[in-house]
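Okay, thanks for coming, everyone. Let me put the structure up.

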Amino acid sequence: MNESTTTKQIIINFKDPIFALAKINKKLGSPRFKSISNIIIIVGIIFFALINILKLSDFLMFFAINLLAISTFLINLKLYFDLKIKNYVPKIEISVLAEKQSLGNQIDISPVLNFEAALLLKTNWGNTLESIFLKICQTREASFILYKAGLSTQYFSGLKIDASIEEILKRALESAAKNNQRFIYISDLFWGFASSSKIIQDTFYKAELDTKDLENLIFWEKTLMARTEAKSLLDPENWTSTGGIAKDWSSGYTIYLDQFGKDLTSMVSGGWLNFSVVSRENLTREMETALSKQHSHLIMVGEAGVGKRALVLEFARKVLHGKTLDHLNFKRIIEIDTGLLVAGAHDNEGEIETRLQLILNDAVKAGNVIIFIDNIHSIFIKDGYGTANLSQILIPYLESGRLQLIGATNLESWHKISANSNISSLFNKLEVPETDKNQTLKILQDLSFKFEYKYKIAITYQGLNETYNLAKKYIPYEFFPAKAIDLLEEAAIFCQNKRSNYLTPELLKEVVSNKTSIPVSEANDDEKNVLLHLEQFLHERIVGQDKAIKTVASALRRARAGLKNDNRPVASFLFLGPTGVGKTETCKALAKAYFGSERNMLRLDMSEYQEVSAIHKLLGSDQEAGGYLTKPIREKPFTLILLDEVEKAHPDILNLFLQVLDDGRITDNLERTIDFTHAIIIATSNAGSELIREHFMSSNADTHEFGKILIDKLLKDGIFKPEFLNRFDGVITFTPLSKEEINAVARLLIKGIARQLDEKGIALKVTDGAINKLSELGFDPAFGARQMRRVVQDKLEDFIAEKILGESLERGDSITFDVEDIKG
Amino acid sequence: MEGMLAKSLILSLLKWWYFESPKQFLTLAKMIARKIMDSLSISIILRTFFSPWKKVTSYKHNNSLEERVRALEDNAVSRLVGVVMRSAILILAALFIVFYIVTLMLGSIIWIIFPTLPIALAFYSLGFIIS
């Protein structure tokens, strides 16, 4: 095969020594050659030794010496293979080539091809691109990528590659350069094909993978390769320092520290902890900066689950291997186990303080210890350890500079700690954010091997992607990467219990649904049935209000079908109408229909927020993290929020809801973003009730024109601002109940009572006459269904109560209620 | 084809053995030496040669002369223990280094002659047949 010129820019010179080396690598590296040569070497040496000792015939000696000669030759080859071939480094750097290529110069990429890539190209050069791509798909690297993508080679057979070889090689080179590699690997060639050919991209797209996902898949393969490849002895990176046997000889004994603490540097050195390939180098560098002075201390502030402890372990590894600042190298990072600190100390007053003092004295005396305290707020904030006054013990040590300390806490607690400047000024603060999507996916990729092995399942990339997406959407108040890791493990256990081999996106959705009681997966048949007949479902509890119910039901159907705007609440409505016509009842029924339970409803009486200072009740105050609005939503984002009598709230408080309705988010008193995009918001108001009553008494027509008239009146009277009304998905008028509707309400209420009695085994019969009489008594346009409820309670429930108590009714008995039983 | 590969393999092997590998071994030798020094904590020992053993010291404030002298004696013993332990390591390190240098020298000699062994042994074996 001669030199091949693809275009003016990129060439492959098949006479380059790399191809000969690649062939040698293939021969000498083959398992067969290795095992045969090992056998010959061992047999040759042993045989020679035996023949020498036993002094057998000259012919055997001749044979033994020649066998030994062959063994020494094979040892030569092995040494050559292990030290030269396996440690081969190209003479030119990929970054230099990539730069030359970007400047428009012609480059030869042969020297930077790795052996497998070189052999593959040499063997298949001259074939079609489709054929080359299929060969690539059959390699170990591409097989892994396809397996994790849930695809196989046959998906790509018969495809026509719509890209040029130059573009493919160019992208392969760019990929290798971007990752600071020494070689272009087969996975880079795979990327070259996949990123240049729209047809290949479309095939992946059907498997729900875009080019960013492909990049992550290839990264996954490369990290696996890096882990499984033998480390080169000639690479200084693989030689680590640890300080040696005498590093602690000049440091003091740490009896109490050892008793109440965990040596993190020792844990890291034991290799007990699997580190993810995702290093947060920038954060560990910031940790170094924060601890750069001998007397400086660090506090890491971040929510639970963002990986503060993992970061400390990563830092401990750097300290262990002497890869940080001089005064930090080879020190011991010891975590104070707060559980052990308090264990058994409650009976003795002052015992906890004494223990802490002993620990700190040890650290000072040792001189080579950095203390780490997780959840350090439990020391600084009152009630952390009951009456123990630990901060008063710790602070002098911190101020003296005789030891260094790393603390970790969450945002809420830091807010409290920082109120005391005596404490907060002692620390350099480092905010630890949650990992972004890419970092999280890489962590999950890493952990997936462990879960696959442990639970005997296969995890695809789509599964990991879905884990991230579901965790982000449905678990908003926990943080990455912990929530994704926990979800993945839960799903793996679920998958194992279901005896399924693959962790699919559907299984993940099922796990999330079970966890949050929210319908996550595509609606099943029963649920579809309920949604399609939602009006009927709502009418089982609400009488009349057909238009209102239809509007609300349509909005929910749109949301469940995935058509809602992700940056706004699920739906928002303003219910206008007189009292007792079913506004609140509709909200309860909706909460049950959409969120599974009436308990998933948050009711705020807006008449309690008539002063602007009441805003702190909603958002939280200095003393309290989160308010009556933000705290419940933070804990349960899938909630129906009912703002009762909204017109009574102070206008500035209503302005707060402008952002909620528009953006689906607000910031609480701790500057945390509270997410309302999973909530339904319904505001109710009696404003305009007179107008509504008058209109429906005269015409009974709920027309679009009347809606406009009503809104105009509300605006004119200054009850609501235009921008407020405009934010709602719908302003819905609830009409006064007619006599017939009041009758229907009576029947509903009676049905409810009958159900209660049925549980006791007692049948209730109410005659039509009685119902009509009750309706007559309960009809009051001013009070709506509430008056009916009062009448039923007074007339019917009292009657039943007297019957039950007076006649000692038993299961199987029945009660009949007729007109004559209506007293008064 | 295979013959050409074998020929290029032998040439490449000899080229690497005599011209490239010395540099690699020098690098490897340096890293091993560094590792030995690190494992024996040589730089730390030299820096803290006279430090008290495990920082075990005593000091008595405002006490009698006798007690203060006693404290001085205790500290001197602590330092002596440190010196003895550290000296032991230094001696061990010296022995290691001597052994290492000797091994390197022997290894270098063996390395130079090793590729010639197959041919030399083959010729040597002929003596047994001829005799």
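Let's start at the interface of chain A and chain B, where 14 residue pairs are in polar contact. Before I go on, please keep in mind that this is a predicted model.

The largest share is from α3(A), with 17 residues. If you sort that side of chain A by class, you get 26 nonpolar, 13 polar and eight charged residues.

Now the contact as a whole. Chain A puts in 47 residues and chain B puts in 45 residues. Together the two chains bury about 3,900 Å², and 71% of that is on carbon and sulfur atoms.

How many salt bridges are there between chain A and chain B? The count is one. You can find it at A:K84, which pairs with B:E20, and the closest N and O atoms are 3.0 Å apart.

Okay, on to the sheets, both in chain A. One is an open sheet of five strands, in the order β13-β14-β17-β12-β18, with parallel pairing. At the edges you have β13 (601-605) and β18 (730-733) of chain A, each pairing on one side only. On average, neighbouring strands here are turned by 20° against each other, ignoring direction.

Zoom in on β13(A): five bridges tie it to β14 (residues 640-644) of chain A, and these two run parallel. As one pair to click on, A:L604 has A:L643 in β14(A) as its bridge partner. Then there's a helix, α28 (residues 546-560) of chain A, lying across β12 (571-576), β17 (680-685) and β18 of chain A. The helix runs at about 170° to β12(A).

The other sheet is open too, with six strands in the order β4-β6-β7-β8-β5-β9 of chain A, and its pairing is mixed. Here the edge strands are β4 (261-263) and β9 (427-431) of chain A.

Inside it, β7 (residues 369-373) and β8 (residues 404-409) of chain A run parallel, joined by four bridges. There, A:I370 stands opposite A:Q404 in β8(A). And which helix lies across β4, β5, β6, β7 and β8 of chain A? That's α15 (residues 308-320) of chain A, running at about 155° to β6(A).

That's my tour, thanks!

Notes. Residues are numbered from 1 along each chain as its sequence is written. Chains are lettered from A and ligands numbered from 1 in the order in which they are written. This is a predicted model: local features need pLDDT of at least 70, side-chain atom pairs count only at pLDDT 80 or more; totals for chains, interfaces and linings use all residues. Side-chain values use heavy atoms; hydrogens and water are left out. Contact means heavy atoms within 4.5 Å. Buried area is the accessible area (1.4 Å probe) that two parts lose on being put together, summed over both. A salt bridge is a side-chain nitrogen of Lys or Arg within 4 Å of a carboxyl oxygen of Asp or Glu. A polar contact is a pair of N or O atoms within 3.5 Å; within protein, one must be able to donate a hydrogen and the other to accept it, and residues adjacent in sequence count only if both atoms are side-chain atoms. Ala, Val, Leu, Ile, Met, Phe, Trp, Tyr, Cys and Pro count as nonpolar, Asp, Glu, Lys and Arg as charged, and the others, Gly among them, as polar. Two strands pair if DSSP finds at least two bridges between them. Axes are lines fitted to C-alpha atoms, for helices over the stretch in contact, and angles run from 0 to 180 degrees between N-to-C directions.
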